[in-house]
Amino acid sequence: MEKLNKVAQITLVFWVLKILATTLGETLGDFLSMTLNLGYGKAFLITFLLFLIALFFQLRSKKYVPIYFWFVVVSTTTFGTEISDFIDRTLHLGYTYGSLLLFMGLFATLFFWYKKYKSLEVYPIFEPNKEILFWIAVLFSNSLGTAFGDYLSDVLNFSYLKGAIITASIIVVVVLLHYISKINKVILFWIAFIFTRPFGATFGDFLTKPIDKGGLDLGTLNASIISLLLMTIFILYNNFKSKKA
């Protein structure tokens, strides 16, 4: 019996959805912990449960199902936001050491992945163990992205807009290197994957934070709804395009 791929194909729509998912994760995480005033402990448990539910449906599926796949991505970004805030505000390690700790976790995951499979390619993925490693790497990268985005704004004192511009610039450089250089494409993928998270984190802060702090003051709920609607539109478009092809 032929095994079916379990992950999304890496296209332009993939990256658009990844950025929207990371933005949604940031705003939704802040909505739970700050707007609803649940506190980081309760928000941590809620988003952890959301991540487990999403991962259950994704791992149980025998093939790539867009709603399951992107549900997990959003849940990792939301849970990743709470992990980053937990490290900073509960463990009091700060965003600098928090970013370093999460980077070490991501590096260890990718190192183990490479040692086992001799490659870090993420498409296609068939094996259950490889898929689990993929989601661990995604969770670490999204948590790292949140911490790094907060590091730019809280430690280096960049405005949310400047932080988004910096991370977006890194992504643009990676895209250019993809087309004009001979750098390994898998390495470039993981660099882009990591930095789309801080872009989403800083852009999410830009949408929700007060105007006097450099944001647009849309509120966490409104920003989350807008991000979710945009994700739905792109998922439906991509699904329609795939069926038509």
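Predicted model: local features only at pLDDT ≥ 70, side-chain atom pairs only at ≥ 80, totals over all residues.
How many aromatic pairs does a search of the whole structure find? The search finds 21 aromatic pairs, where rings of Phe, Tyr and Trp (its six-membered ring) count as a pair if their centres lie within 6.5 Å. One of these pairs joins Phe14 and Phe189, whose ring centres are 6.3 Å apart and whose planes meet at 40 degrees, so the pair is tilted; planes under 30 degrees apart count as stacked, over 60 as edge-to-face and the rest as tilted. Phe14 belongs to helix H1 (residues 12-35) and Phe189 to helix H7 (residues 185-208), so this contact ties together parts that are 175 residues apart in sequence. Helices here are DSSP runs (H or I, at least four residues), numbered from the N terminus. Phe14 and Phe189 are both buried, a word that stands for under 20% relative accessible area, while exposed stands for over 50% and partly exposed for values in between (1.4 Å probe, protein chains only).

Residues are numbered from 1 along each chain as its sequence is written, and side-chain values use heavy atoms, with hydrogens and water left out.

Returning to the rings, Phe14 and Phe189 are also members of one aromatic cluster, together with Trp15, Tyr64, Phe69, Trp70, Trp113, Phe134, Trp135, Trp190 and Phe193. Within this group, Phe193 has the charged end of Lys18 over its ring, 4.3 Å from the centre. For such a contact, NZ of Lys or CZ of Arg must be within 6 Å of the ring centre and within 35 degrees of the ring normal. The charged end of Lys116 is placed likewise over the ring of Tyr117, 5.6 Å from its centre.

Charged side chains also meet each other. Side chains of opposite charge can pair when their charged atoms come close. The structure holds one salt bridge, defined as a side-chain nitrogen of Lys or Arg within 4 Å of a carboxyl oxygen of Asp or Glu. The partners are Lys6 and Glu131, with 2.8 Å from N to O. Lys6 lies in the segment before H1 and Glu131 in helix H5, so the bridge ties together parts that are 125 residues apart in sequence. Lys6 counts as buried because its relative accessibility is 5%, and Glu131 is likewise buried at 2%.

Helix H3 (residues 66-90) has 25 residues; at 1.5 Å a residue they should span 36 Å, and the end C-alpha atoms are 35 Å apart, which agrees. The expected span is 1.5 Å times one less than the number of residues. H3 is mostly covered, with 19 of its 25 residues buried. Just after this helix, His92 takes a positive phi of about 60 degrees.

Helix H4 (residues 94-117) contains Leu101, which is partly exposed because its relative accessible area is 43%.

The loops bring some backbone details. Between H4 and H5, Lys118 has a positive phi of about 60 degrees although it is not a glycine. Lys118 counts as exposed, at 58% relative accessibility. The loop between H4 and helix H5 (128-155) also holds Pro124, and the peptide bond from Tyr123 to Pro124 is cis, with omega near -5 degrees. In the loop between H5 and helix H6 (160-180) lies Asn157, whose phi is near 60 degrees, a positive value in a residue other than glycine. Asn157 is exposed, with a relative accessible area of 62%.

Gly145 is in helix H5 and counts as buried at 1% relative accessibility; its C-alpha atom is separated by 9.1 Å from that of Leu102, 43 residues apart along the chain. Gly200, in helix H7, is buried, with a relative accessible area of 0%.

Methods: Helix = DSSP H or I, 4+ residues; strand = E, 2+ residues; numbered from the N terminus.
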